[in-house]
Amino acid sequence: MYDPKAIIDIIAGNVKATRNPFGIPKFLLNRWHKGAKVPRHGEALLFTGLMYQFVPYIEKSTHYLAQFEDTPWSNHIHLAARVPGYLSGLGLELITPRAEKNRYNGILRDISTILTASGVDFYYRPALDDYSGVLLYDLGDQDGFVQHARYVASKLKKAGVRKLITVDPHTTYALKILFPKYTGISFDVKTYFELITLTATNGNRRVTLHDPCFYGRYLELSDAPRKVLANMGVECAQVKNSGPFTSCCGGPAESISPKLSGEIGDRRLTDLEASGESIIAMCPICLGNLKRSGASVQDLSTFIAQTL
């Protein structure tokens, strides 16, 4: 295990300097909308929170953290805080496979396609789409989170944004629960799957749906995606520890202990594989961690887009 304070200091320093945990310039990080037919005007802003975009970089950095965990080299992790955020971010950008970036960008395009097919009046503005800062809160840096959250909330309010459509549980929890509490600014926040009104005749199958902790326990949204799938003729298999009693995938502990995170993910994968059905995730962190544990796992949005 790495020194938690050292990891938090690195992440907090990057967020403060670059507005994201990895220091990657936003114009390189957020490219999913390039070439996509995404509306520029509408009623609700599609707000990705950059979480899906982060996953390829999480996977690459976790790979290196795992190599040096519990070795003498791990004692020097604090030195990384001395490297300017943009410099380390550019380095991480260069060594992260393009194929993985394209994969997760494709998930966001699938979400846009689903919203359009459902007749949702939404729009996207990359300049308004920022990281929520939720990892700072998760790791205990409340002051850093509040400072960043105020920046994001004020920016959205100044732009006249009232309604937000989110794509992941971490950002949803931050915007819906934490932002009003710590910034005093509230928005009408809905997940994309709460707005889906699609039906299909070619579903006719069973899947295993993994409930993320935030959707299952804290936001109580586990029923919503199951209703969406049911309307498309897809049945969800029974899973040990689901809904409000769901089990963790191991994230975001991978930043402090890839080993511990992997052990938690392996246990969860055992639960999910027991059904013998295809595994569906609806969180970028869960998707990455289950994949690292060896799961053949697909994102909910991609599954829905393919079922249409």
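**Helices α7 and α8**

Select α7 (residues 142-158) and α8 (residues 169-183), whose axes come within 10 Å and cross at roughly 95°; the two helices are therefore roughly perpendicular to each other. Axes here are lines fitted to C-alpha atoms, for helices over the stretch in contact, and angles run from 0 to 180 degrees between N-to-C directions. Angles under 35 degrees count as roughly parallel, over 145 as roughly antiparallel, 65 to 115 as roughly perpendicular and the rest as oblique. Helices (H or I, at least four residues) and strands (E, at least two) are DSSP runs, numbered from the N terminus.

The model is predicted: local features need pLDDT of at least 70, side-chain atom pairs count only at pLDDT 80 or more, and totals for chains, interfaces and linings use all residues. Residues are numbered from 1 along each chain as its sequence is written, and side-chain values use heavy atoms, with hydrogens and water left out.

Now display the side chains where the two helices meet. From α7 come Q142, F145, V146, A149, R150, V152 and A153, and from α8 come L178, F179, Y182 and T183; contact means heavy atoms within 4.5 Å. By class, this contact of α7 with α8 has 8 nonpolar, 2 polar and 1 charged residues. Ala, Val, Leu, Ile, Met, Phe, Trp, Tyr, Cys and Pro count as nonpolar, Asp, Glu, Lys and Arg as charged, and the others, Gly among them, as polar.

**Helices α3 and α5**

Next, select α3 (residues 51-68) with α5 (residues 98-117). Their axes come within 8 Å and cross at roughly 155°, and α3 and α5 are therefore roughly antiparallel to each other. The crossing of α3 past α5 is right-handed; a crossing is left-handed if the near helix is turned anticlockwise from the far one by less than a right angle, and right-handed if clockwise. On the α3 side, show Y52, Q53, V55, P56, Y57 and E59, which meet E100, K101, Y104, N105, I107 and L108 of α5. The residues of this contact of α3 with α5 divide into 7 nonpolar, 2 polar and 3 charged.

**From α5 to the sheet**

Step to S118, in the loop between α5 and β2. S118 is buried, with a relative accessible area of 13%; buried means under 20% relative accessible area, exposed over 50%, partly exposed in between (1.4 Å probe, protein chains only). Leaving aside neighbours within four places in sequence, S118 is in contact with L195, I196, T197 and L198.

Then colour the open sheet of 4 strands, which has the order β2-β1-β3-β4 with parallel pairing. At its edges stand β2 (122-123) and β4, each with a single partner strand, so one side of each is left without a neighbour in the sheet. Two strands pair if DSSP finds at least two bridges between them. Working across the sheet:

- β1 (residues 44-47) is joined to β2 by 2 bridges, and the bridge partner of A44 in β2 is F122.
- β1 is joined to β3 by 3 bridges, with L46 opposite I165 in β3.
- β3 (residues 163-166) pairs with β4 over 4 bridges, and T166 stands opposite T191 in β4.

**Helices α10 and α13**

Move to α10 (residues 223-231) and α13 (residues 300-307), whose axes come within 11 Å and cross at roughly 15°. That angle makes α10 roughly parallel to α13. The crossing of α10 and α13 is left-handed. P225, V228 and L229 of α10 and L300, F303 and I304 of α13 make the contact. By class, the contact of α10 with α13 has 6 nonpolar, no polar and no charged residues.

Keep α13 selected: 6 of its 8 residues are buried, so α13 is largely enclosed by the rest of the structure. The buried residues of α13 are L300, S301, T302, F303, I304 and T307. Their cover includes α5, β5 (205-209), α10, β6 (234-236), β7 (278-281) and β8 (297-299).

**Backbone details in loops**

Most residues other than glycine have a negative phi, and most peptide bonds are trans.

- G251 and P252 are joined by a cis peptide bond, with omega about 5°; P252 is found in the loop between β6 and α11 (258-273).
- R19, in the loop between α1 (4-18) and α2 (26-29), has a positive phi of about 70° although R19 is not a glycine. R19 is partly exposed, with a relative accessible area of 29%.
- E220, in the loop between α9 (213-218) and α10, has a positive phi near 50° and is a residue other than glycine. E220 is exposed, with a relative accessible area of 67%.
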